[in-house]
Amino acid sequence: MERLDDFRLQLGRHELVPIVIGGMGVDISTAELALEAARLGGVGHISDAMVPTVADRRFKTRFVKDKLKQYKYNVANDDKSDVQFDLARLAEATQMHVGSTMAAKRGSGLILINCMEKLTMNAPRETLRVRLRSALDAGIDGITLAAGLHLGSFAMMEDHPRFHDAKLGIIVSSLRALQLFLKKSARTRRLPDYVVVEGPLAGGHLGFGMDWSQYDLHTIVAEIRAWMAAEQLDIPLIPAGGIFTGSDAVDFLAHGAAAVQVATRFTVSKECGLPDDIKQEYFKASEDDIEVNGISPTGYPMRMLKNSPAIGDGIRPNCEAYGYILDANGNCQYIQAYNREVAAHPGAKKVKVWDKTCLCTQMRNFDLWTCGHYTYRLKDTTVRLHDDSYALLTAEHIFNDYRYSKDNSIALPAHPPAA
Ligand SMILES: Cc1cc2nc3c(=O)[nH]c(=O)nc-3n(C[C@H](O)[C@H](O)[C@H](O)COP(=O)(O)O)c2cc1C
């Protein structure tokens, strides 16, 4: 078997092309991108990161403006514990985002939502519960639990009428994380329908420490596979992180993986939510332009382009409008870093904050260019246009390249589309 298309992913009664486009937060993996994956018979993800913001963009709603208005009085206050999400409005935004995506779905594939536990939103349990359940209410095909151990997430959904029919999976980066999840979820008498095993070369936040380069995806997948076999657990495994060609995917599928999850290749697709000029930054990047650093206030290392405008930017925290990283007590590591710099530079109009970033505002504005390790290879996946820019690709082109290519080759677009 040489091509990814020689394999199929069986999820319940669904037989799928074994390509999963991973969730990319704050509308980088747009509904359009996920819909293409489903139309082509694979699996797409939307993300539930900052859904009220995404809904405002998509549907011209006023979720963010209204929240800011409600908490305007608190903007200059260091204590953000007052700034709570209205759960009914959060449910409404999620249902709009999910519902309209599902209504547009064509083809035999699936659309899942990536749900990150690290979005603690000043009320971790309550907001996560609403996000999970409203996605199910709105008809999502399934939920991928991400960025966290999710020890209580199955229990939050167990009395939902769709708990057994929706596809539910989790992303882990170690056998230990999977074991913990299974142990804590055992009471709900439901196993995950799939497990994404994300290695250290992925984009976004990493489930490793700053020693990420010591780890290897093949090794982690093999370890998890061996343990599951010993436990007689038959759950589809989906490796992710650094799978750049169809042949890379076949390497995993031939060794028992059920599918692969990929993302970086799709960051330069037309359907990806990044603005086009930023897609050019991804194309232009060399290996030295990419780093894993500790500026995310979530505490997880994150991979990004070194020239991201977010790095060093000292904007005022905007928790009254956003506030997705506020913990249960209304704290965020960026607020502390920002206040420290303001105190150290009395009278300065603008401060620089190097050690942390205002993740919500920077992701919302596409100023934090998170990316996968192999972003520097994207330039080899397309052609240059007359003005020297790189031609964007269609998601269909990239999907089909993964699906049909052999021998580590990458198909270039046949005719560069007009600029
Ligand atoms: C730009 C970008 C943003 C991402 N954002 C998220 C996210 O919000 N949540 C998440 O669980 N994974 C996120 N990821 C990880 C992907 O879903 C995926 O698992 C991983 O990047 C696959 O590896 P690859 O990019 O090397 O193909 C992101 C990846 C990229 C490239």
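**Figure 1. The largest nonpolar core of the predicted model.** This core comprises 130 residues. The members that touch the most others are Ile19, Val197, Ile238 and Val260. When residues up to four places away in sequence are set aside, the contacts of Ile19 are Leu4, Gly42, Ala259, Val260, Val262, Phe399, Tyr402 and Arg403.

**Figure 2. Packing of helix α2 against helix α4.** Two packed helices are described by the angle between their axes and the distance between those axes. Helix α2 spans residues 51-59 and helix α4 spans residues 87-103; their axes come within 9 Å and cross at roughly 55 degrees. Because of this angle, α2 is oblique to α4. The contact involves Val51, Pro52, Val54, Ala55, Arg58 and Phe59 on the α2 side, and Leu90, Ala93, Thr94, Met96 and His97 on the α4 side. The crossing of α2 past α4 is left-handed.

**Figure 3. An open sheet of three strands.** The strands are arranged in the order β9-β13-β12, and their pairing is antiparallel. Strands β9 (204-205) and β12 (290-293) form the edges, each pairing on one side only. Strands of a sheet pair through backbone hydrogen bonds, in either a parallel or an antiparallel manner.

**Figure 4. Pairing of β9 with β13.** Strand β13 covers residues 302-305, and two bridges join this strand to β9 in the antiparallel sense. Which residue of β13 is the bridge partner of His205? The partner is Met302.

Technical notes
Residues numbered from 1 in each chain as written. Predicted model: local features only at pLDDT ≥ 70, side-chain atom pairs only at ≥ 80, totals over all residues. Pairing = 2+ DSSP bridges. Helix = DSSP H or I, 4+ residues; strand = E, 2+ residues; numbered from the N terminus. Core = buried A, V, L, I, M, F, W, Y, C linked by C-beta atoms within 7 Å. Buried ≥ 20, exposed ≤ 12 C-beta atoms within 10 Å, placed from the backbone. Contact = placed C-beta atoms within 7 Å. Axes fitted to C-alpha atoms, helices over the stretch in contact; angles between N-to-C directions. Parallel < 35°, antiparallel > 145°, perpendicular 65-115°, else oblique. Left-handed = near helix turned anticlockwise from the far one by under 90°.
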